[in-house]
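Let's take a friendly walk through this model, one spot at a time. Have the sequence and the 3D view open as you read.

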Amino acid sequence: MRVVMLGAPGSGKGTQAKQLVQAYGAPQLSTGDLLRAAVKAASPIGLRAKAAMDAGKLVSDDIVLGLIEERLGGPDGLHEFILDGFPRNLAQAEALERLLGRLSLSLQAAILIDVSAEELKRRIAGRRTCRDCGAIYNVYTAPSAREGVCDACGGETYQRSDDNESTVAQRLATYAAETAPLVEFYRAAGKLHTVDGEQPVDAIFVELRKIAKVLS
């Protein structure tokens with residue numbers, strides 16, 4: 001299985017990616033995890049990433065692609081993967097295709113977890129996080145037993161500053177502008193699979209298993 005997971009913030013694609021990992025054993029490649037591992041290992045590309053982050057800069061596409069190549073290439077490289085969080089735009093998708101071509105690999109599918117903008121706003125704006133243990137709740141879909149109090153540790157739950165409605169609207173607009181061409185790119189390549197992300201979590205995974213069966 002060699003797939004890219006697509007979906008807006010709040011779509012649940014990370015949750016579904018983890019379920020695919022458990023069911024099929026293909027490693028989940030999160031760009032954040034790759035960055036942290038490379039920085040910790042102090043590899044050459046990890047040092048480049050650390051220098052960019054220490055300078056307050058965004059980590060460039062060529063560094064992220066280098067991290068992916070480092071993980072996929074070589075005698076111990078992966079031949080199956082679930083990419084989560086990359087690519088985020090058309091330029092990155094095209095660069096990823098060139099990278100996979102150099103490694104004699106090909107992407108099998110791009111899976112879009114599709115959720116309406118209104119539902120995404122509701123999900124994200126309703127999110128609450130425990131200050132102490134980091135547990136996440138949602139006032140609409142999964143509230144804590146007592147408002148403002150974490151079920152797990154009794155800590156205070158709060159709304160992160162980037163989860164307010166105005167910020168959420170801006171984040172979703174940016175996502176839509178960058179991702180629309182990306183979705184068309186994979187559709188044109190015959191690799192796009194779209195799943196209704198407003199179904200129950202288990203129902204979404206049933207559809208993902210059907211897609212995985214086609215790919216195998």
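## An aromatic pair

Tyr 186 counts as buried, because its relative accessibility is 0% (buried means under 20% relative accessible area, exposed over 50% and partly exposed in between, with a 1.4 Å probe and protein chains only). Phe 185 counts as partly exposed, at 23% relative accessibility. The structure holds one aromatic pair. Its members are Phe 185 and Tyr 186, with ring centres 5.1 Å apart and planes at 75 degrees, so the pair is edge-to-face. For reference, rings of Phe, Tyr and Trp (its six-membered ring) pair if their centres lie within 6.5 Å; planes under 30 degrees apart count as stacked, over 60 as edge-to-face and the rest as tilted.

## How to read the model

This is a predicted model, in which local features need pLDDT of at least 70 and side-chain atom pairs count only at pLDDT 80 or more, while totals for chains, interfaces and linings use all residues. Residues are numbered from 1 along each chain as its sequence is written, and side-chain values use heavy atoms, with hydrogens and water left out.

## Helix α2 and what follows

Which residues of helix α2 are buried? In this helix, residues 31–41, they are Thr 31, Leu 34, Leu 35 and Ala 38. (Helices, H or I of at least four residues, and strands, E of at least two, are DSSP runs numbered from the N terminus.) Seen down the axis of α2, these buried residues fall within an arc of 100 degrees, so they line one face of the helix; the arc is that of the directions from the helix axis to the C-beta atoms. An α-helix has 3.6 residues a turn, so residues three or four places apart point the same way. On the other side of α2, Arg 36 and Lys 40 are exposed. The cover over the buried residues of α2 includes β2 (28–30), α3 (44–54), α4 (61–72) and β3 (81–84).

Ala 42 is found in the loop between α2 and α3. Although Ala 42 is not a glycine, it has a positive phi of about 55 degrees. Ala 42 counts as partly exposed, at 41% relative accessibility.

Gly 7 lies in the loop between β1 (2–6) and α1 (13–24), and is buried with a relative accessible area of 10%. Leaving out residues up to four places away in sequence, Gly 7 touches Lys 13, Leu 112, Ile 113 and Tyr 175 (contact means heavy atoms within 4.5 Å). Gly 7 and Arg 88 are 81 residues apart in sequence and 9.6 Å apart in space, C-alpha to C-alpha.

Leu 99 lies in helix α5 (residues 90–102) and counts as buried, at 2% relative accessibility. Its contacts, not counting residues up to four places away in sequence, are Leu 65, Ile 68 and Glu 69. From Leu 99 to Leu 72, the C-alpha to C-alpha separation is 9.8 Å in space, and the two are 27 residues apart in sequence.

## Loops worth a look

Where is Pro 87? Pro 87 sits in the loop between β3 and α5, and the peptide bond from Phe 86 to Pro 87 is cis, with omega near 0 degrees.

Ser 104 lies in the loop between α5 and β4. Ser 104 has a positive phi of about 60 degrees although it is not a glycine, and counts as exposed at 67% relative accessibility.
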